[in-house]
Amino acid sequence: MVKVLPGSILLQNRGLDLICPIVDLLSSHQLQVAMSCATAMNVILPKLSSRREREVWQILKETKAVGYLVHNIKQLSIVNIPIEYFQEMASLLSRILLWWPSFRFCVWNDSNFLNCLDAIKLISESSVKVVVLQLYSSLALCGNGAQKLLENGEALVQMTVSCMDSSNSHSVRMEAFKLARCLALSRRGCIQMMNICCEPLVKAITGAMKYSSTLSEKLDKNQLSVTEEACRLASITRWPGDHHIYFWKAGTDRLLLDLLLDYPKIHQLQRELSVNDLINIVRESQNSNLLFSFRPYLWDILGGLAANCEENISHEIHENELQLRVLIVCACLSFVDSMGTLRQVSQNGLTNMTECESACRAVLMMVYSPCKYIASLARSILYEILKPDGKDYIEYLLKILNAVLTGAKFGLPGNLQIVVSLMSLACYCSLPTYQELIIKFQGMKIVVAFIMWWLSNPVHLKRERTVPHLRDSFGERSCCYPSTEEWEGEDMLLLFSLWILAELLHHSAYNKKANSSDNQEDFPRSQLIQELQEICRDHNSHGSRWYAAYVLSYFGIFGFPSKLGKRIGKLLGERDHSDMKLDFVNEESVYVHEVILTVRCPSLLPPGESVPKQKSSGVKSDMERNIVKAVHLSAHVDQPSLLKLLEYVYSGYLHASKDLVKKLKLFARHCKLESLMQVLCRKNPKWGVDVPSFDLSPALGPAGHNLSNLILEAGSSAQLVHWNCNSCSALVPHLHVHKVILLSSCDYLRALFQSGMQESNLQTIKVPVSWESLNKLVRWFYSDRLPVPIFDCVWANLEPEEKFRQVHAYLELCWLAEFWLIDDLYEECYEVVISCIDSSQNLSTKIIQIAANFSQWKLAQVAANHMAPSYHQLRISGELDQLDDNLVEMVRAASVRLSQQGGHHSS
């Protein structure tokens, strides 16, 4: 009946009325009835208005439709059921999972269902393959679901790759590429896929691109759509890994050229052609190529290859020097054309800037590529292409940034326009001639002002939500993927402005003209340094933190400032609780801590047990029992350099003059401190590389166990049935820790250990919190990172008791942090509890009582405010009876305030 209803208007208006009875019948034991209902739903859902999605979701949830569909599909492996039955059920299930992410957890978490799919995917019929691939894709759109599929995903990945082959139908190939794209949405997923079948997957991708590369022949729509999906998937070049080698070997540069240019003889050109000759050829070929929609993906692929290329790779060996030159000319020409696009945006309003952004990004990745060959070639070509209008473009780009700072209505620059302007300026900064111009036009002052503006008014942008070609209905429905994986994160504007500043400072540092009157450093230097250090310490993206550290190196600060490093840095030279003394030949000494050197720079430790020992002369009783190792240093050891190196080891960064930097490079190289070596040499940060973390957690393992001098016991360990310590025979749950690390972050413990009273000599401290809370506490002491819940589908589907158990640990730590005077830890735990309350309203009634028990009245008030809209309902249901009277009054008062403010109460 549904199939013969006239037009889609009737279904849009009355479809919702049909869904309830149809979905109810999905549970029917009669095969034909259930299958007919699934068929009807497959017709109705696509025709419903998007405004009805919430209502449909509520119906599906109340009727447990997804559970019945999963059950029905699992019956296929038990009963001999026609394959058409599976196709209708699976098609409906994949559509529901695609549109409503909240249903995905119960499906990918069902191992029996996944086992059933494993058996069905072996069926060779194309229509079945399509449905199976769609179902896997809808599950992989959930980050947790993708990880579940990849845990033992060798067969799945191999099946996906085989379905990409040209021997399969168009629809099968399309769905295979989409599934692979879902599985590779995260860096972790991409690595897992590549570990399973790296070369075959790359061959399948490039094969699909090559299949349609002969542009002289007419391409049908099916072939073009497959090629587009292959190009989308090829953007995995943005992730580092071995797959880059196979992309180069497959001649990806030639494939990109074939898709960009309509010039069959491009590969027969002579290598001796000048840049101007190549420009003319490329211009002519680009104009006749109609595949404009492909170009943003192609620039993304090229940019990823350039950014992740090895430093000394030789493209001449692969005989692709000419193709690479032409490809770079194409990108640079598109980059220059983007300047015209920017002006059109300013003069005529919004226009299509997707190729503009991706071309700028590709050129940026090439001119700063770690591969010297690519970077040099790209810079020389870009310089030639920019000659006619380069000066005008620079003035225009700086004018855009000034418009942001002054609020002038100069074309009303949007976020994407600002991103492109910053990337363009960063490209110009790769060329000394244009660096000089930017500085002359007050560019350094403008960029510093822009950075300060952003820090005061942070504009957070994610590339996939900003750039049009990355926004598709398929990818936008993903969930539970980490937001911290992309190197630029949501700080694109900050990252690229820091990038520009770093290059301008680099030019100033090595150009004699920088010291002339043209060089304007009339910006708040001390304030900028302070802000840059905060960027390094804060939770910004890895890219922004790298470039902040890079900029700091031009102000004599080398390394990566962090909150934990700031605390640990104060310990250097302190005699109390030190266990090692470095003696210089001039009879001066510096007291250090073996546990910190073991984790941060083991090369500074003396070999074996050849170190003479002497009793400490400390006045405190525990110091009198400590043995301090005395290490006598050679006369060849430069004392200032070693002290500076220790400054880096203890705090994560150091201050050094230009003369001292040269000596420090020798120390850093000898001690294998690669991250310090990079900032000392002022090497450009490599795209995608994480910022080195200041993490002392390895000291909790075997490396630091013999150096521990304190045991922390959990006050409550009821949940631990079988406890066992690998280091000692104590039966009470405990952790072996190091006093020096704990007292660096806790004033209470510092006062305790240094009080001289009996408590200062304790070898065991019983901490009045649970074992779970103790673990989180110690991890924070050693890494400054508090393990926190991830509010994804796993959290959403936890039982209320388990959620409360997890929140309870942070409530305990809030109380302990107040007692032990650890303000930073308190703030972090407080924010976690607030986030838990926001994510699960039903936790408030339990949290309010526990918060009150711990005297955490701020949190109790937050919980009361969350309960206020449901006050009358909670009172009638009796849920408030379990609370103390003063807490009930707190909720009632919050409810009254809500009413006075015109708030909404639940009925």
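The dialogue below covers ring pairs, charges over rings and one leucine.

Mentor: This is a predicted model, where local features need pLDDT of at least 70, side-chain atom pairs count only at pLDDT 80 or more, and totals for chains, interfaces and linings use all residues. Residues are numbered from 1 along each chain as its sequence is written, and side-chain values use heavy atoms, with hydrogens and water left out.

Trainee: How many aromatic pairs does a search of the whole structure find?

Mentor: A pair of aromatic rings is described by the distance of the centres and the angle of the planes. Rings of Phe, Tyr and Trp (its six-membered ring) pair if their centres lie within 6.5 Å; planes under 30 degrees apart are stacked, over 60 edge-to-face, and the rest tilted. The search of the whole structure gives 22 such pairs. One of them is Trp-487 with Tyr-547, which is edge-to-face, at 6.4 Å centre to centre and 75 degrees between the planes.

Trainee: Why does the pair of Trp-487 and Tyr-547 tie together parts that are apart in sequence?

Mentor: Helices are DSSP runs (H or I, at least four residues), numbered from the N terminus. Trp-487 lies in the loop between α25 (463–466) and α26 (492–510), while Tyr-547 is in helix α28 (residues 542–552), so the pair ties together parts 60 residues apart in sequence.

Trainee: Is Trp-487 buried or exposed?

Mentor: Buried means under 20% relative accessible area, exposed over 50%, and partly exposed in between (1.4 Å probe, protein chains only). Trp-487 is buried, with 3%, and Tyr-547 is buried too, at 0%.

Trainee: How is the pair of Tyr-748 and Phe-819 classed?

Mentor: Tyr-748 and Phe-819 form a tilted pair, 5.3 Å centre to centre with 40 degrees between the planes. Tyr-748 is in helix α37 (residues 747–753) and Phe-819 in helix α40 (residues 800–819), 71 residues apart. Tyr-748 is partly exposed at 29%, and Phe-819 is partly exposed at 44%.

Trainee: Which charged end sits over the ring of Phe-753?

Mentor: A charge sits over a ring if NZ of Lys or CZ of Arg is within 6 Å of the ring centre and within 35 degrees of the ring normal. The charged end of Lys-739 is placed this way, 5.2 Å from the centre of the Phe-753 ring. Arg-600 lies over the face of Tyr-648, 5.6 Å from the ring centre.

Trainee: Where does Leu-397 lie?

Mentor: Leu-397 is in helix α21 (residues 390–406) and is buried, at 0% relative accessibility. Beyond its neighbours within four places in sequence, its contacts (heavy atoms within 4.5 Å) include Met-339, Leu-342 and Tyr-428.

Methods
Helix = DSSP H or I, 4+ residues; strand = E, 2+ residues; numbered from the N terminus.
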